[in-house]
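Visitor: Hi! Could you walk me through this one? I'm new to reading structures.
Guide: Happy to, let's have a look together.

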Amino acid sequence: MIEDLRDRAGDPDVVVVDPPRAGLSGKALRRIARLEARRIVYVSCNPTTLAGNVKELGEEWGYRLERARPLDMFPHTPHIETVALLSRV
(Lines give C-alpha, C1' and ligand atoms only; values in the text may rest on other atoms or scores of the structure.)
Protein backbone atom coordinates (compact mmCIF):
# COMPACT_ATOMS: atom_id res chain seq x y z
CA MET A 1 0.00 0.00 0.00
CA ILE A 2 2.77 2.47 0.86
CA GLU A 3 4.64 1.44 -2.26
CA ASP A 4 1.56 2.08 -4.42
CA LEU A 5 1.15 5.54 -2.96
CA ARG A 6 4.83 6.27 -3.53
CA ASP A 7 4.55 5.14 -7.15
CA ARG A 8 1.61 7.49 -7.76
CA ALA A 9 2.74 10.52 -5.78
CA GLY A 10 6.53 10.27 -5.73
CA ASP A 11 8.91 10.35 -2.82
CA PRO A 12 7.48 11.99 0.30
CA ASP A 13 9.09 15.00 1.96
CA VAL A 14 7.26 14.38 5.24
CA VAL A 15 5.71 11.28 6.78
CA VAL A 16 3.21 11.67 9.63
CA VAL A 17 2.61 8.71 11.94
CA ASP A 18 0.21 8.32 14.86
CA PRO A 19 0.74 4.76 16.09
CA PRO A 20 -1.15 2.98 18.87
CA ARG A 21 0.13 3.04 22.45
CA ALA A 22 2.47 0.12 21.65
CA GLY A 23 4.37 2.33 19.17
CA LEU A 24 5.47 1.40 15.67
CA SER A 25 6.08 -2.30 15.17
CA GLY A 26 9.40 -3.32 13.67
CA LYS A 27 7.86 -3.95 10.26
CA ALA A 28 5.98 -0.63 10.19
CA LEU A 29 9.04 1.27 11.37
CA ARG A 30 11.20 -0.29 8.63
CA ARG A 31 8.65 0.48 5.92
CA ILE A 32 8.41 4.10 6.99
CA ALA A 33 12.18 4.48 7.28
CA ARG A 34 12.71 2.99 3.80
CA LEU A 35 10.67 5.83 2.35
CA GLU A 36 13.65 8.05 3.24
CA ALA A 37 11.48 11.11 3.82
CA ARG A 38 13.41 14.18 4.96
CA ARG A 39 11.17 14.52 8.01
CA ILE A 40 8.95 12.35 10.17
CA VAL A 41 6.28 13.86 12.40
CA TYR A 42 5.54 11.31 15.11
CA VAL A 43 2.43 11.76 17.25
CA SER A 44 2.64 9.56 20.32
CA CYS A 45 0.39 8.77 23.26
CA ASN A 46 3.18 6.85 25.02
CA PRO A 47 6.51 8.56 25.70
CA THR A 48 8.21 5.22 26.41
CA THR A 49 7.46 3.70 23.01
CA LEU A 50 8.20 7.04 21.34
CA ALA A 51 11.68 6.98 22.91
CA GLY A 52 12.33 3.45 21.67
CA ASN A 53 11.17 4.21 18.14
CA VAL A 54 13.17 7.46 18.01
CA LYS A 55 16.26 5.59 19.17
CA GLU A 56 15.89 2.97 16.44
CA LEU A 57 15.15 5.56 13.75
CA GLY A 58 18.33 7.35 14.79
CA GLU A 59 20.67 4.42 15.16
CA GLU A 60 19.45 2.33 12.23
CA TRP A 61 18.05 4.86 9.75
CA GLY A 62 19.89 8.14 10.23
CA TYR A 63 17.12 10.28 11.74
CA ARG A 64 17.71 12.86 14.45
CA LEU A 65 15.16 14.12 16.95
CA GLU A 66 14.84 17.85 16.31
CA ARG A 67 12.22 18.66 18.91
CA ALA A 68 9.36 17.18 20.90
CA ARG A 69 6.34 18.97 22.35
CA PRO A 70 4.13 17.38 25.02
CA LEU A 71 0.44 18.24 24.84
CA ASP A 72 -2.05 17.68 27.63
CA MET A 73 -5.14 16.83 25.63
CA PHE A 74 -6.75 14.86 28.47
CA PRO A 75 -6.78 17.07 31.58
CA HIS A 76 -7.08 15.38 34.97
CA THR A 77 -5.66 12.11 33.61
CA PRO A 78 -2.08 10.83 33.48
CA HIS A 79 -2.20 10.61 29.68
CA ILE A 80 -0.19 12.95 27.49
CA GLU A 81 0.34 13.26 23.75
CA THR A 82 3.75 14.12 22.34
CA VAL A 83 4.45 15.47 18.88
CA ALA A 84 8.03 14.87 17.76
CA LEU A 85 9.87 16.07 14.67
CA LEU A 86 12.65 13.89 13.30
CA SER A 87 14.92 14.90 10.42
CA ARG A 88 17.08 12.72 8.25
CA VAL A 89 20.76 13.45 8.81
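Guide: One definition before we start: a helix axis here is a line fitted to C-alpha atoms over the stretch in contact, and angles run from 0 to 180 degrees between N-to-C directions. Also keep in mind that this is a predicted model.

Visitor: Okay, so how do α2 and α3 cross?
Guide: Helix α2 covers residues 26-34 and helix α3 covers residues 47-61; their axes come within 11 Å and cross at roughly 50°. The two helices are therefore oblique to each other.

Visitor: Why give both an angle and a distance?
Guide: Two packed helices are described by the angle between their axes and the distance between the axes.

Visitor: And is the crossing of α2 and α3 left-handed or right-handed?
Guide: That crossing is right-handed.

Visitor: Which residues meet there, between α2 and α3?
Guide: From α2 you have Leu29, Arg30, Ala33 and Arg34, and they meet Asn53, Glu56, Leu57 and Trp61 of α3. Sorted by class, this contact has 4 nonpolar, 1 polar and 3 charged residues.

Visitor: Let's zoom out. How many helices and strands does the protein have?
Guide: There are 3 helices and 4 strands. Starting at the N terminus, the order of the elements is α-β-α-β-α-β-β. The radius of gyration is 13 Å, close to the 12 Å that the globule rule gives for 89 residues, so the protein is as compact as a globular protein of that length.

Visitor: What does the C-alpha trace span?
Guide: Along the principal axes, about 45 × 25 × 20 Å.

Visitor: How much of the protein counts as buried?
Guide: Of its 89 residues, 31% do.

Visitor: Can we pick a single residue? Where is Thr82, and is it buried or exposed?
Guide: Thr82 sits in strand β4, residues 81-88. With 9% relative accessibility, Thr82 counts as buried, because buried means under 20%. Not counting residues up to four places away in sequence, Thr82 touches Tyr42, Val43, Ser44, Leu50, Ala68, Arg69 and Pro70.

Visitor: What about Leu71?
Guide: Leu71 belongs to strand β3, residues 63-71. At 35% relative accessibility, Leu71 counts as partly exposed.

Visitor: Which residues is Leu71 in contact with?
Guide: Leaving aside neighbours within four places in sequence, Leu71 is in contact with Ile80, Glu81 and Val83. Leu71 and Glu81 are 10 residues apart along the chain, and 5.1 Å separates their C-alpha atoms.

Conventions:
Residues numbered from 1 in each chain as written. Predicted model: local features only at pLDDT ≥ 70, side-chain atom pairs only at ≥ 80, totals over all residues. Heavy atoms only, no water. Parallel < 35°, antiparallel > 145°, perpendicular 65-115°, else oblique. Left-handed = near helix turned anticlockwise from the far one by under 90°. Contact = heavy atoms within 4.5 Å. Nonpolar A, V, L, I, M, F, W, Y, C, P; charged D, E, K, R; others polar. Rg over C-alpha atoms; globule rule 2.2 N^0.38 Å. Buried < 20%, exposed > 50% of the residue type's maximum accessible area, 1.4 Å probe, protein only.
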